[in-house]
Amino acid sequence: MNVSKSQQFILVFLRILIGWHFLYEGLLKLLSPSWSAKRYLMSSESFMGDFFAWLSSDALIGMVDFMTVALLLIVGLTLVLGVFEKIGILAGIALLTLFYLAHPSFPGIESAAPTEGSYFIVNKNLIELAALLVLWVFPTSKYFGLSQFFSTPKSASLATK
């Protein structure tokens, strides 16, 4: 795929911004001893409300909280550093899908979760998910990221065969 230098820069910039957002959210939750996903999950009024209520049960909430923070940090680090980018993107898409489905912007569903405005179907979770899909199609770690240090140059790999 032929991508210009300015397109590469913009795609890498997008990856780093999204990574920073995930990393920051993970750090905030990690450093806040009172944070829990319980209220967010219990307030879901979507068609999947029973599933999110189950996740917020006393038996599961500790694991859900741990996994949320861990995945936010992993996604953030993989995207900021440009290493294991595909794994980070998949985990980010999974998290954003769950966040969206817990409180979708569907007409007739009032969200108990705080929002920055009123949305109609499309909200920031869905937009960030779409941006991750762009990054899936245009892997940017080959332009800028730590994965460059772990990959074998084509000429060296051909010489060893």
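## Fold and model

From the N terminus on, the elements of the protein chain run α-α-α-α-α-α-α-α. That is 8 helices and 0 strands. Helices (H or I, at least four residues) and strands (E, at least two) are DSSP runs, numbered from the N terminus.

This is a predicted model, in which local features need pLDDT of at least 70, side-chain atom pairs count only at pLDDT 80 or more, and totals for chains, interfaces and linings use all residues. Residues are numbered from 1 along each chain as its sequence is written, and side-chain values use heavy atoms, with hydrogens and water left out.

## Confidence

pLDDT is the predictor's confidence in each residue, from 0 to 100. The protein chain averages 84. A score of at least 70 is reached by 80% of the residues. Confidence is highest in H4, at a mean of 96, and lowest in helix H8 (residues 154–159), at 47.

Residues 155–161 stay under 50 in pLDDT. For this stretch the model has 1 contact (heavy atoms within 4.5 Å) beyond four places in sequence. Where pLDDT is low, the predicted coordinates should not be read in detail.

## Burial and surface

The protein chain has 161 residues, and 37% of them are buried. Buried means under 20% relative accessible area, exposed over 50%, and partly exposed in between (1.4 Å probe, protein chains only). The accessible surface comes to about 10100 Å². Carbon and sulfur atoms account for 71% of that surface. Areas come from the Shrake-Rupley method with a 1.4 Å probe; for residues, only the protein chains shown count as cover.

Phe9, Ile10, Phe13 and Leu17 make a nonpolar surface patch of about 440 Å². Patches are made of residues with over 30% relative accessible area and no salt bridge; like charges are joined within 9 Å, nonpolar side chains (Val, Leu, Ile, Met, Phe, Trp, Tyr) within 5 Å. Phenylalanine 9 sits in helix H1 (residues 5–31). Its relative accessibility is 58%, so phenylalanine 9 counts as exposed.

## Nonpolar cores

A nonpolar core is a set of buried Ala, Val, Leu, Ile, Met, Phe, Trp, Tyr and Cys residues joined through side-chain atoms within 4.5 Å. The largest one has 14 residues; Ile18, Phe22, Leu79, Ile89 and Leu132 touch the most other members. At least two residues of this core come from each of H1, helix H4 (61–81), helix H5 (85–102) and helix H6 (124–137). H5 supplies the largest share, 5 residues.

Not counting residues up to four places away in sequence, leucine 79 touches Arg15, Ile16, Ile18, Gly19, Glu85, Ile89 and Leu132. A second, separate core has 10 residues, including Leu41, Phe52, Val64 and Tyr100.

Take contacts in the protein chain between residues at least 6 apart in sequence: 74% of them join residues at least 24 apart.

Two C-alpha pairs follow. Methionine 48 lies in the loop between helix H2 (38–42) and helix H3 (49–55). Methionine 48 and leucine 98 are 50 residues apart in sequence and 9.8 Å apart in space. Phenylalanine 138 lies in the loop between H6 and helix H7 (147–150). Phenylalanine 138 and valine 3 are 135 residues apart in sequence and 9.1 Å apart in space.

## Salt bridges

A salt bridge is a side-chain nitrogen of Lys or Arg within 4 Å of a carboxyl oxygen of Asp or Glu. The whole structure has 2. One joins lysine 29 and glutamate 25, at 2.9 Å from N to O. These residues are 4 apart in helix H1, so about one helical turn separates them. Lysine 29 is buried at 18% relative accessibility, and glutamate 25 is partly exposed at 25%.

Aspartate 58 and lysine 38 form a salt bridge, with their closest N and O atoms 3.2 Å apart. This pair links distant parts of the chain, 20 residues apart: aspartate 58 is in the loop between H3 and H4, lysine 38 in helix H2. Aspartate 58 is exposed, at 71% relative accessible area. Lysine 38 is partly exposed, at 26%.

Most residues other than glycine have a negative phi, and most peptide bonds are trans. Phenylalanine 84 is not a glycine, yet has a positive phi of about 55°. Phenylalanine 84 lies in the loop between H4 and H5 and is exposed at 57%.

Isoleucine 121 also has a positive phi, near 75°. Isoleucine 121 lies in the loop between H5 and H6 and is partly exposed at 35% relative accessibility.
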